[in-house]
Amino acid sequence: MPAASGALGPWPSVAAAAAFLTALADGRAPAAPAGTDGAALADWLIYHDLGPLTAHCLRDGRDPALAERLAGDAFAAVAENSLLFRVLGDVLAGLGDAGIPVLALKGVALAATVYADPAHRPMSDVDLWVPPDRMPAAAAVLRELGFAAHTRPDRPPAWQALVGGELQFVRPGWARGLVELHGSPFEGDWLRWAAAVRPEAAWARRRPLELAGHAVARLAPEDAIIHLALHLATGPKFGRSAARTLVDLGRLCRQEPPDWSALAAEARAWRVWSAVSAVLWLARTLVGLPGLPGGLLPAPRPGIGHLVSPVSVLSGRDWRRDPRGYLLLLLLVDRPRDAARLLARTLWPDRAWREARRY
């Protein structure tokens with residue numbers, strides 16, 4: 001964690017942080033709060049992967065000292081994203097030749113659509129969704145391209161297939177170049193046991209997108225927002241990537257305003273509204289969500305709000321390393337009976353899960 005002062009890191013108040021982050025979401029030059037430690041602010045922005053975007057927004061010379069502190073991070077993002085987009089081009093060419101449809105997810109889709117330059121949004125890998133029945137063929141294509149499967153002992157392929165997870169591939173000898181083939185954007189035990197998501201509906205609503213000279217697809221804005229919100233809430237658990245994800249959401253909503261009523265209806269039908277609305281409440285507070293109807297979004301439940309707040313996001317609190325993170329996952333479930341099933345399945349997993357994990 002970067003050098004910081006107090007629970008808010010370098011920020012004197014939540015309002016000051018919100019003004020700065022809202023400017024980033026708008027694409028405007030942000031103003032550092034008066035008296036802010038410039039080195040601590042730069043460290044915070046780099047830690048939260050917001051350095052390149054901030055450096056770009058400060059290109060008018062408004063804060064040359066902060067821009068200079070962020071220049072190295074911005075140059076690194078140019079190099080890293082250029083490498084990943086080169087990898088992406090090779091992968092999409094191979095998958096296209098094999099007739100395998102592809103939908104770009106997360107960083108690669110956001111970098112190419114809601115940022116003026118892909119280098120403004122740092123990426124650590126390439127996330128692609130392919131239909132589950134085409135996964136074996138897609139994996140074969142990557143192996144033909146020189147990629148090797150990267151399997152983690154705690155995430156065996158059988159379990160990944162069960163929960164809609166990903167297969168990871170790397171190019172041997174490369175420091176970067178991780179490619180993840182996802183069987184669904186909505187993955188994990190939490191969603192399997194506590195919700196009723198319908199990835200096939202999101203696939204049917206996909207939009208066209210050109211990436212690295214290849215025709216692929218992206219999620220519709222409503223589905224993209226639900227996907228980002230669920231990933232943040234149930235994966236990192238509002239941890240390190242929270243600030244960047246909230247800026248992603250802010251920029252996405254400005255670039256392509258969603259149908260908020262349709263989004264809320266879908267999230268309720270999928271029984272993920274508590275998790276999605278908690279993320280949207282944070283986004284509205286810290287980056288602004290233009291067009292969001294005032295009465296649509298309630299404040300998070302008291303239990304959720306006690307654990308997750310603008311202060312916890314700004315401080316970089318990581319609930320994955322805290323036992324209360326399990327309580328948070330229970331609180332995010334829409335219905336009490338689903339929370340009971342999640343708790344029961346966590347303690348006594350079903351047979352399919354045990355077999356997939358080789359327990």
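**View 1. Helices α12 and α13 lie oblique to each other.** Angles under 35 degrees count as roughly parallel, over 145 as roughly antiparallel, 65 to 115 as roughly perpendicular, and the rest as oblique. In this predicted model, local features need pLDDT of at least 70 and side-chain atom pairs count only at pLDDT 80 or more, while totals for chains, interfaces and linings use all residues. Residues are numbered from 1 along each chain as its sequence is written, and side-chain values use heavy atoms, with hydrogens and water left out. The axes of α12 (residues 260–269) and α13 (residues 273–286) come within 8 Å and cross at roughly 140°. Here axes are lines fitted to C-alpha atoms, for helices over the stretch in contact, and angles run from 0 to 180 degrees between N-to-C directions. Helices (H or I, at least four residues) are DSSP runs, numbered from the N terminus. On the α12 side, look for Trp260, Leu263, Ala264, Ala267 and Arg268; α13 brings Trp273, Val276 and Leu280. Contact means heavy atoms within 4.5 Å. By class, this contact has 7 nonpolar, no polar and 1 charged residues. Ala, Val, Leu, Ile, Met, Phe, Trp, Tyr, Cys and Pro count as nonpolar, Asp, Glu, Lys and Arg as charged, and the others, Gly among them, as polar.

**View 2. Trp273 is a buried residue of helix α13.** Its relative accessibility is 9%; buried means under 20% relative accessible area, exposed over 50%, and partly exposed in between (1.4 Å probe, protein chains only). Not counting residues up to four places away in sequence, Trp273 touches Leu263, Ala264, Ala267, Arg268, Leu296, Leu297, Pro298 and Asp334. Pro257 is 16 residues from Trp273 along the chain, and their C-alpha atoms are separated by 19 Å.

**View 3. Helix α11 is largely enclosed by the rest of the structure, as 12 of its 14 residues are buried.** The helix covers residues 242–255 and reaches 20 Å from its first C-alpha to its last, close to the 20 Å expected at 1.5 Å a residue. That expected span is 1.5 Å times one less than the number of residues. Among the buried residues are Arg244, Asp248, Arg251 and Cys253.

**View 4. Cys57 and Cys253 are in no disulfide.** The structure holds 0 disulfides, a disulfide being a pair of cysteine sulfur atoms within 2.5 Å. For Cys57, the nearest cysteine sulfur is that of Cys253, 17 Å away. Cys57 is buried, with a relative accessible area of 3%, and Cys253 counts as buried at 2% relative accessibility.

View 5. The 13 residues of α1 should span 18 Å, which agrees with its end C-alpha atoms being 18 Å apart. Its buried residues include Phe20, Leu21 and Leu24, and what covers the buried residues of α1 includes α2, α3, α4, α11, α13 and α15. Just after α1, Gly27 takes a positive phi of about 85°. Leaving aside neighbours within four places in sequence, Ala29 is in contact with Ala23, Cys57, Leu58, Asp60 and Arg62.

**View 6. His227 sits in helix α10 (residues 221–234).** This histidine counts as buried, at 5% relative accessibility. Leaving out residues up to four places away in sequence, His227 touches Leu105, Lys106, Pro185, Phe186 and Leu219.

Conventions:
Helices (H or I, at least four residues) and strands (E, at least two) are DSSP runs, numbered from the N terminus.
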